[in-house]
Amino acid sequence: MTMKANRFFIALLISGLSIYAAAQKSEIKLMYSPLSLIQIGDKGSNLEDPTSNYTGAYIMDYNRYLKPRLKLGINVTYEQGRVSGTTTDSYIRQEPPYDIITFTYHDTYEEHHLFFGPQLSYEYIQKDNFRMGSLVGLSMVLNNWVGIRDSQIMFKTTDINVFFHVELINFTWGKKLGLTGQLGYGHKGIVSLGFFSRW
């Protein structure tokens, strides 16, 4: 084999390994969204003087590059919220003196949601330190609701549903470690920001 052929073979091998390594890169994102769907879909409309408290959405993504621009991943998101207020019930006594009796209760409703499922994303901009793309994802949702009246549990229910997430725009700023974020709609909230690591 000539020197020229050796160089060509080595260059071809290095190129092939580079493409293979690029296709095998992994990525982890840790993000937070203050605008979760629980907060947007505020409950407790039947309460008087309601106060609400929401944690926002805590998000973890793991993605793996199938091709240089195409990623397949999995997402886990957790969020919870609480709404408290008072409820007033009145009724007319059925015996003398036939007056109106009023009861006031302190009610609290809690929600806990755990989302997990696959996602597929495509990067249409790839620079050395900046990437931008879009994403679609599907999730199973474990929902837990608790109703409390005057410190006593009124009800406690758990169910499983299906939900989704669409990222109109997502980005990473940094080569292997840096800032990441997304703008979309679904279980990751409207806007999410955080950090990423890619290897």
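This is a predicted model: local features need pLDDT of at least 70, side-chain atom pairs count only at pLDDT 80 or more; totals for chains, interfaces and linings use all residues.
The protein chain contains two helices and eight strands. Along the sequence, these elements follow the order α-β-α-β-β-β-β-β-β-β. The eight strands form a closed barrel, running β1-β2-β3-β4-β5-β6-β7-β8. Pairing in the barrel is antiparallel. On average, neighbouring strands of this sheet are turned by 25 degrees against each other, direction ignored. Strands of a sheet pair through backbone hydrogen bonds, in a parallel or an antiparallel sense.

One pairing illustrates the arrangement. Strand β4 spans residues 100–126, and strand β5 spans residues 130–149. The two pair in the antiparallel sense over 17 bridges. Within this pairing, glutamate 111 stands opposite tryptophan 145 of β5.

Totals for the chain complete the overview. Of the 199 residues in the protein chain, 34% are buried. The accessible surface of the chain comes to about 12200 Å². Carbon and sulfur atoms account for 67% of that surface. Among contacts in the chain with a separation of 6 or more, 60% are between residues 24 or more positions apart.

Salt bridges were examined next. Side chains of opposite charge can pair when their charged atoms come close. The model has ten salt bridges. One of them joins arginine 82 and glutamate 110, with the closest N and O atoms 2.3 Å apart. This pair links distant parts of the chain. Arginine 82 lies in strand β3 (residues 70–92) and glutamate 110 in strand β4, 28 residues apart. Arginine 82 is partly exposed, at a relative accessible area of 38%. Glutamate 110 is buried, because its relative accessibility of 14% falls under 20%.

A second salt bridge connects the side chains of arginine 93 and aspartate 99, at 2.8 Å from N to O. Arginine 93 is partly exposed, with a relative accessibility of 27%. Aspartate 99 is also partly exposed, with a relative accessible area of 29%.

Lysine 188 and glutamate 167 form a further bridge, at 2.7 Å from N to O. Lysine 188 lies in the loop between β7 (177–186) and β8 (191–198), whereas glutamate 167 belongs to strand β6 (residues 152–173), so the pair ties together parts that are 21 residues apart in sequence. Lysine 188 and glutamate 167 are both buried. Elsewhere, salt bridges link Glu27, Lys71, Glu123, Arg131 and Arg198 in a network.

Two residues that touch each other, glycine 73 and asparagine 63, were then considered. Glycine 73 lies in strand β3. Glycine 73 is buried, at a relative accessible area of 11%. Between glycine 73 and aspartate 61, the C-alpha to C-alpha distance is 6.9 Å, and the two are twelve residues apart in sequence. Leaving aside residues up to four places away in sequence, glycine 73 touches Tyr62, Asn63, Gly117, Pro118 and Gln119.

Asparagine 63 is placed in strand β2 (residues 48–65). Its relative accessibility is 2%, and asparagine 63 therefore counts as buried. The side chain of asparagine 63 makes a polar contact of 3.0 Å with the side chain of glutamine 119. With residues up to four places away in sequence again left out, the contacts of asparagine 63 include Lys25, Ser26, Glu27 and Lys29. They also include Lys71, Leu72, Gly73, Ile74 and Gln119. Among these contacts, Glu27 and Lys71 belong to the salt-bridge network.

Aspartate 107 is buried, at 0% relative accessibility. Two polar contacts of its side chain are described here. The side chain of aspartate 107 meets the side chain of threonine 87 at 2.7 Å. A polar contact of 2.8 Å joins the side chain of aspartate 107 to that of arginine 149. Beyond four places in sequence, aspartate 107 touches Leu47, Val83, Ser84, Gly85, Thr87, Ile148, Arg149 and Met154.

Methods. Residues are numbered from 1 along each chain as its sequence is written. Side-chain values use heavy atoms; hydrogens and water are left out. Two strands pair if DSSP finds at least two bridges between them. Helices (H or I, at least four residues) and strands (E, at least two) are DSSP runs, numbered from the N terminus. Axes are lines fitted to C-alpha atoms, for helices over the stretch in contact, and angles run from 0 to 180 degrees between N-to-C directions. A salt bridge is a side-chain nitrogen of Lys or Arg within 4 Å of a carboxyl oxygen of Asp or Glu. Buried means under 20% relative accessible area, exposed over 50%, partly exposed in between (1.4 Å probe, protein chains only). Contact means heavy atoms within 4.5 Å. A polar contact is a pair of N or O atoms within 3.5 Å; within protein, one must be able to donate a hydrogen and the other to accept it, and residues adjacent in sequence count only if both atoms are side-chain atoms. Accessible areas come from the Shrake-Rupley method with a 1.4 Å probe; for residues, only the protein chains shown count as cover.
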